[in-house]
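This report describes selected structural features of a protein model. The sequence and the structure are shown first.

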Amino acid sequence: MQSVELADGVEIQLRVAGPAVRSMAYMTDLLIRIGIDIVVAIGAFMLLPELIGKEMTNGLYLLFVFFMEWFYNVFFEAGAKGATPGQRSMKLRVMSVTGGPVTLAQAVMRNFLRVADFMPGLYLTGIVCMLFTKRFQRLGDLVANTVVTYAEVPPFIVPNVEIRAERRAPSKVLTREEQAALLQFLERAPLWADERRIELAALVQPLTEAEGVEGLRRLCGMALWLQAPEDKSGTPPPLKGAAMFRS
């Protein structure tokens, strides 16, 4: 599993696929392409020579083989499924390293560079490159900024732990919008990386009057103060579902 931080700071887990399963997907697609080439060849050379001539038939067939070789993967990987039939049979898909779908430009780049990955033969360069990158990326993936992952990702469960923050009243009067934003921050904080939490807390430093982790603790304490009243003992109940901050 590889952690990836999205633009809004939310961390997701990508279960990257290794060389073995990707090789099986490639062989499946190769057999599919060969089968399609054979069927088209039989149909073309049985019907077309009498209509357009043998040379024209040969030219059209070679053009068809060219497009199958270079654009078969591009067509499927840039589609809604993000995977070729062979990749889908192995429950794989091609994604951007940011966790988003592959664009047409990315699909073209990663597949046109298969020539370099294939050298000097049997995908040796691509396999070696995958073994030396933590996300099993071949040269085409590195240039196109893509990664091959399993389509079914284990569900993300928010950890049920306590947060190390004491309830404290805000130092200034907050509007309803500001209070709602503070509560939303507390709700979404478990999904963010520590660096993202501290970065967002720094934006309201005039309110927390502190920097870094301490400013983050104070901000969460104010959100806790807004979230629920203290019990009769005066001890704030622990917040469930939030990530524990480093001390």
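At what angle do helix H10 and helix H12 pack, and how far apart are their axes?

## Basis of the model

This is a predicted model, in which local features need pLDDT of at least 70 and side-chain atom pairs count only at pLDDT 80 or more, while totals for chains, interfaces and linings use all residues. Residues are numbered from 1 along each chain as its sequence is written, and side-chain values use heavy atoms, with hydrogens and water left out.

## Packing of H10 and H12

Helix H10 (residues 194-202) packs against helix H12 (residues 212-227) at an angle of about 75 degrees, and their axes are 9 Å apart. H10 is therefore roughly perpendicular to H12 (a term for angles of 65 to 115 degrees). Helices are DSSP runs of H or I with at least four residues, strands are E runs of at least two, and both are numbered from the N terminus. Axes are lines fitted to C-alpha atoms, for helices over the stretch in contact, with angles running from 0 to 180 degrees between N-to-C directions.

On the H10 side, the contact (heavy atoms within 4.5 Å) is made by Arg197, Ile198 and Ala201. H12 contributes Gly212, Val213, Gly215, Leu216 and Leu219. These contact residues divide into 5 nonpolar, 2 polar and 1 charged, with Gly counted as polar and Arg as charged.

## Nonpolar surface patch

Leu51, Ile52, Met56, Leu60, Leu63, Phe66, Phe67, Phe71 and Phe112 make a nonpolar surface patch of about 850 Å². Patch residues have over 30% relative accessible area and no salt bridge, and nonpolar side chains are joined within 5 Å; the areas come from the Shrake-Rupley method with a 1.4 Å probe.

Helix H2 (49-52) and helix H3 (54-77) each supply at least two residues of the patch. H3 gives the most, with 6 residues; Met56 is found in this helix.

## Salt bridges

The whole structure holds 8 salt bridges (a side-chain nitrogen of Lys or Arg within 4 Å of a carboxyl oxygen of Asp or Glu).

## Backbone features in loops

Met119 and Pro120 are joined by a cis peptide bond with omega of about -5 degrees. Pro120 is placed in the loop between helix H6 (114-118) and helix H7 (124-131).

Lys91, although not a glycine, has a positive phi of about 60 degrees, and its place is in the loop between helix H4 (85-89) and strand S3 (92-96). Asn145 has a positive phi near 60 degrees and is found in the loop between H8 and strand S4 (146-150).

Conventions:
Parallel < 35°, antiparallel > 145°, perpendicular 65-115°, else oblique. Patch = residues over 30% accessible without salt bridge, like charges linked within 9 Å, V, L, I, M, F, W, Y side chains within 5 Å.
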